[in-house]
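Subject: Structure handover

Hello,

Here is the structure for you to open. My notes on what turned up follow below it.

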Amino acid sequence: MTADVLAGNRLIAMALLRPGWEKDYYQAPAIEPVVCVGEILSWEQLPDGKYNFLLQGRTRAKVISESKWKAYRVAELSALEETATLEIDLEQERSRMIDLFSAAPFGALPIARQFRELLNGPIPTEAIADLAAFNLLEDIPMKQELLEDMDIPHRIGRIVEELRAVATHVSPGLRGFPADPGSN
């Protein structure tokens, strides 16, 4: 599948298996109807033929239909439209994120400095909030809900609140955070 994607436009949809997937794992377990379409930016093929790759999300999409092709599924997708939002309207949420990544416990994380740098640069608030959710939230159903939320200000507010909730359950030694945020 990855080789086919790399031979084409390098776009791939990432889907979450629905609860109960275990009983149909070797057939075609049901997937959530909203997926993330991403572009493979870089990759390496491992000696066993598998791949590691860096994927950048491009859009959210709804699965219209699925079919089996070769040894994997392909889907017809429809891009989902997010609410039109001006960056100026997100200033309060951006400020809340700067505060969150400046105070304990997040402020002590090495990744917090990187988030502060992003927040003080030109990258859109929604992209930074989505990146924070991906890297720091572990609740998979919550991540799926955030993926399905097309209201940008609402989604960013939820991410900030979820991060604040996570922060209240973290000890001063930062136990409870993944050592490598990319391991999510």
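Which exposed residues does the face of α2 turned away from its buried side carry? They are E91 and Q92. Exposed means over 50% relative accessible area, buried under 20%, and partly exposed in between (1.4 Å probe, protein chains only).

Some ground rules. This is a predicted model, in which local features need pLDDT of at least 70 and side-chain atom pairs count only at pLDDT 80 or more, while totals for chains, interfaces and linings use all residues. Residues are numbered from 1 along each chain as its sequence is written, and side-chain values use heavy atoms, with hydrogens and water left out.

**Helix α2**

Helices (H or I, at least four residues) and strands (E, at least two) are DSSP runs, numbered from the N terminus. Helix α2 spans residues 91-100, and its buried residues are E93, R94, R96, M97 and L100. They cover an arc of only 160° around the axis, which puts them on the same side of α2. The arc is taken from the directions from the helix axis to the C-beta atoms. These buried residues pack against α3 (110-119), α4 (125-136) and α6 (152-168). Contact here means heavy atoms within 4.5 Å.

**Aromatic rings**

The whole structure holds two aromatic pairs. Rings of Phe, Tyr and Trp (its six-membered ring) pair if their centres lie within 6.5 Å; planes under 30 degrees apart are stacked, over 60 edge-to-face, the rest tilted. F101 and F106 have ring centres 5.7 Å apart and planes at 65°, so this pair is edge-to-face. F101 and F115 are stacked, at 4.7 Å centre to centre with 10° between the planes. F101 lies in the loop between α2 and α3 and F115 in helix α3, so the pair ties together parts 14 residues apart in sequence. Both F101 and F106 are buried. So are both F101 and F115. F101, F106 and F115 form one aromatic cluster.

**Salt bridges**

The count is 16. The rule: a side-chain nitrogen of Lys or Arg within 4 Å of a carboxyl oxygen of Asp or Glu.

- E39 and R10 meet at 3.0 Å, N to O. E39 is in strand β2 (residues 34-45) and R10 in the loop between α1 (2-7) and β1 (11-14), 29 residues apart. E39 is buried at 17% relative accessible area, and R10 is partly exposed at 27%.
- R94 bridges to E87, with the closest N and O atoms 3.0 Å apart. R94 is buried at 11%, and E87 is partly exposed at 34%.
- R60, E82, E126, D130 and R155 are linked in a network.

Best wishes
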